[in-house]
Structures are given as C-alpha cells and as structure tokens.
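I set aside this page for notes on strands, a chain contact and a core. The entries follow the order in which I looked things up.

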Amino acid sequence: MTYRFVGFNSDIGDSIRLIRFGQSVELSDEQARNAVLGGCALVPDEAFTEIGFTAAELTSFASVGSHERASADFLDRKKRALLAAHDLRERLEGGGE
Amino acid sequence: MANSSNTRIQRLYAQNETTWGTIPNTTGVATLAGSNCCRMSALDIQLAQQEIVRSDKTGSLGITMGILGRRQVTFTTKMSLTPNGAAGTKPDMDPLLTALMGKAPTVVASTSVTYGLDDQSPSVTLWDFNTPGTMTQRCTMGAIVKTGKFDIGVDEPTVEFTGQGLAVLDTDIFATADTISKGGLTAFPTEPASPVTNGTPPPGFTGTITLDGNTYTTYRTGTITVDVDRELPMDGFNSFYGIAPAAGLRNVTTDWSMYDDDSATLQSLKQKAYTGTPVTLAFQIGTVAGSTWLFTLKNVLLAKPKFDYSGKRRVVAFSACRAHDTTIGAKDAITIAVQ
C-alpha cells in the first residue's frame, strides 16, 4: 500500500529513509504498522491526496524546515495531514488495522 | 575465528513496562519491535555483584573465598535531544522521558507532546543489541530513571539518563538465568529486523530563552537537571536483587552562563537573585514547529550570580538554581514540551 510521509525525517530499517514532506513510500501492512507505531508520521495515499496539497507546494515545502515561510492555507492542510497520521497511529495502537 | 563487534554498531530499544520487572511479553515471547528503537550515542548497562568476604580469622593473611552478594544494575544512556519532527508525535526517547518524569505525556494531536511530573516510578526495559547477532545481546528490566540531564545552548543538544535496573538478562546466561532475571520471557528475542527512528535534533543554540518574562540572546550554554531520587532498595530480605522502586524528593535545577550587561532586565534578574524572589524560566530549543523543545521551570530561586572574567567579555553565571512546584499538588516545577 502507498503511504505519504508528513514528518521531518524517519528511517525504517536499513533501506527506507523518508526525508521529504509528502514523500511516497510503498509498505506492507506489517511494515506500515511497525513504522507508524515507531513514530513515523504516515498517511495513506488516498487520505493525503484528499487533503489537496498541490505538486508545487510539495516541491517548495519538501523540507519541514521550510514550513516556517509557508502560507496559512498550506499549514492548515499540514495540520489535517498530521491529524490523519495521529488517527492512524491511534487506530493501530488500539489494535486496529 | 571469533567475531568482534564495532562499538558504533549498537542499538537501544526502550519499552515501557506495565508491571515493574516484567519484560513486555505475550505468553513469554517478548513484544519487542522495531518501533521501540531509539538512537543514542552511549548506552552502558552494568551488573555488579560483590563478593561477601567472611571476616573470621584463619591464622593466615589469605582472604577466605567469599560468597556472592546482591546483584546491582546501573545504566547510563546519552542521546541527542531529538524530537519526532511531526508535531504531536512522541519522540523516540518517550519511554525514558516517561520514566524520568513519572507519567506518560499529554499528547495534543498535530500540536504538542508535554511531559509533566508525577510521583509514580514507571519502569522500562532497555535492550542493548549489537552486531553481529552472535555477540552477547543484553537487556535490563525493571529499570527506573533517577536523573535526566539536558545540555542546551551547545551545538548538539543532548540528554543523559541514569538509573538502576532490576536485573540483567543476556543471551549468554539465558539458559541458567533465574526467574527474576528472565523477566517473564521463555526465550531471548532476536533484534527486530526493521528499527524505526525519527527526527533530527535542532541546533542547540537556536530558540528562545525567556528568563522571568524577558528574552535574552546573551545566553550561552547551560544544563537542566531533573533528579527524581529513585532507587531500587538493595536491602530486601531474601532477595539478591533490588526491591520495588522507592522515590525521594524531586530536585530540578538549572545552571547557565550568559554575557553580562547593564540592561534593566538583567539588573532586575540579579536583584531577584539577591532578594530570593522566585521567577519562571523558559528555555525553548529549536525554531521549527514539531522540532522544538520547551523546558519551563517554575518558582525558580536564583543562585547568587557569579562573574567570570576568563574570556574577552564578562560573563555572569547562575548555578544550581532550583525550581519548585507552584502548589503542593501542582507538580509543575518543570514541564517539558515537544512542539
């Protein structure tokens, strides 16, 4: 399944490094569960797409450090993405799928 | 030929325990996962067991071989002060911070994770894995944190935790380990295949230093020390191990140095040091949302300032300034927020 990264940076095992906001990553259910429970901020691709980030935004604000100069609109959508990541983590912590 | 191990290829995994001294497990199988990984720069778990030497005279100056005494475990681990990077997500060091502060943090989704003080003594299992996997792999269970020392203002902000563990279990001794040392396990786990780590520490010299309501850019470096005076008493009868955690008084102190000047705000701070007027201190490290730490110390009695002429510019230093709860029940001498 495809997930989008909404954190600063994360390493999953020896082979996956997430460093860009909105970075796409393919993970099995078990990999995703391990990553999310380990604090990696991931959102399912479908939910991320629904939030409506533009390609230009994801290019301009690929680094979380650059978000200080992002528009309020972008930051509002980022907040929604973080809430979606939080919901996913809570669901997995509760034993959900 | 025997293998050796590079000291840089060492990984820490930390897990909160629900029952002191019991390694998190499901029917004897450790629930350790890659999600429990936490980067560190140093991890040192030490087991000591003294020899109890018989004091009776033998007619010779030779020491009679003694018997083994109690087993005492201590640990130290140091790591960069790394937030998760996604606001409202716990940092990888969460189990250690929870164990230090006395309770789990308050999480506000997409906003912050805030650690407050409590009188409990949550315990953790700390795993020490090394490469190759055939080396001795270890853990200590029932570990309680006694101190947390935060270094700020430096290039790489760090925190060092120290404490005591109940026992050490490792791959070499598992087969002969006693019930307490096994911590509820039926086998020693292999290292998780996919450790997950998150975040980047902020530059330790960025952020906002607010002393008694005024911000200062003349702050240089400092430390915040949280000493919760926990121990596993080592005098329980019929036990080779420490007994359940006991805690003493919390002692939260900070030390720092700053360039001296003649500003009215700094004069006011010095005056409050002389008069013993408590102040609130806030040390924010980092500037990027989701990657900042905010240490808030309340009711701080400032030590008398000391002046340092060793450099080119005069420095004023405040040492061992102690924070206090605002009320008996508030337990708010310090809060640590990741936001």
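Below are my entries on this model, which is predicted.

**Entry 1: contact between chains A and B.** I began with how many residues each chain puts into the contact. Chain A gives 25 residues and chain B gives 26 residues. I then looked up which elements of chain A supply at least two residues to the side that touches chain B. They are β2 (10–12), α1 (29–37) and α4 (72–93). The largest share comes from α4(A), with five residues. By residue class, I noted 11 nonpolar, 11 polar and three charged on the side of chain A that touches chain B.

**Entry 2: a sheet across the two chains.** I followed β2(A) next, to see which strand of chain B pairs with β2(A). The partner is β13(B), residues 196–198, which runs antiparallel to β2(A) and is joined to it by three bridges. Within this pair I recorded A:Ile12 with B:Val196 as its bridge partner. β2(A) also pairs with β3(A), again in the antiparallel sense and over three bridges. Here A:Ser10 has A:Leu18 of β3(A) as its bridge partner.

I wrote down the order of the sheet as β3(A)-β2(A)-β13(B); it is open, has three strands and is paired antiparallel. Why is one side of β3(A) and of β13(B) left without a neighbour in the sheet? Each of these strands stands at an edge and has a single partner strand, so there is no neighbour on one side of each. From one strand to the next, the twist averages 10°.

**Entry 3: strands β20, β21 and β24 of chain B.** β20(B), residues 279–285, pairs with β21(B), residues 293–300, in the antiparallel sense over six bridges. In that pair, B:Val279 stands opposite B:Val300. β21(B) also pairs with β24(B), residues 334–338, antiparallel and over five bridges. For this second pair I noted B:Leu297, whose bridge partner in β24(B) is B:Ile334.

**Entry 4: the largest nonpolar core.** Last, I looked up which residues have the most contacts inside the largest nonpolar core. They are A:Leu42 and A:Ala85, in a core of 100 residues. The largest share of the core, seven residues, comes from β10(B), residues 138–152. As background, I note that nonpolar side chains tend to be buried together in soluble globular proteins.

I also listed what A:Ala85 touches, leaving out residues up to four places away in sequence. In chain A these are A:Val6, A:Ala41, A:Leu42 and A:Val43.

Technical notes
Residues numbered from 1 in each chain as written. Chains lettered and ligands numbered in written order. Predicted model: local features only at pLDDT ≥ 70, side-chain atom pairs only at ≥ 80, totals over all residues. Pairing = 2+ DSSP bridges. Helix = DSSP H or I, 4+ residues; strand = E, 2+ residues; numbered from the N terminus. Contact = placed C-beta atoms within 7 Å. Nonpolar A, V, L, I, M, F, W, Y, C, P; charged D, E, K, R; others polar. Axes fitted to C-alpha atoms, helices over the stretch in contact; angles between N-to-C directions. Core = buried A, V, L, I, M, F, W, Y, C linked by C-beta atoms within 7 Å. Buried ≥ 20, exposed ≤ 12 C-beta atoms within 10 Å, placed from the backbone.
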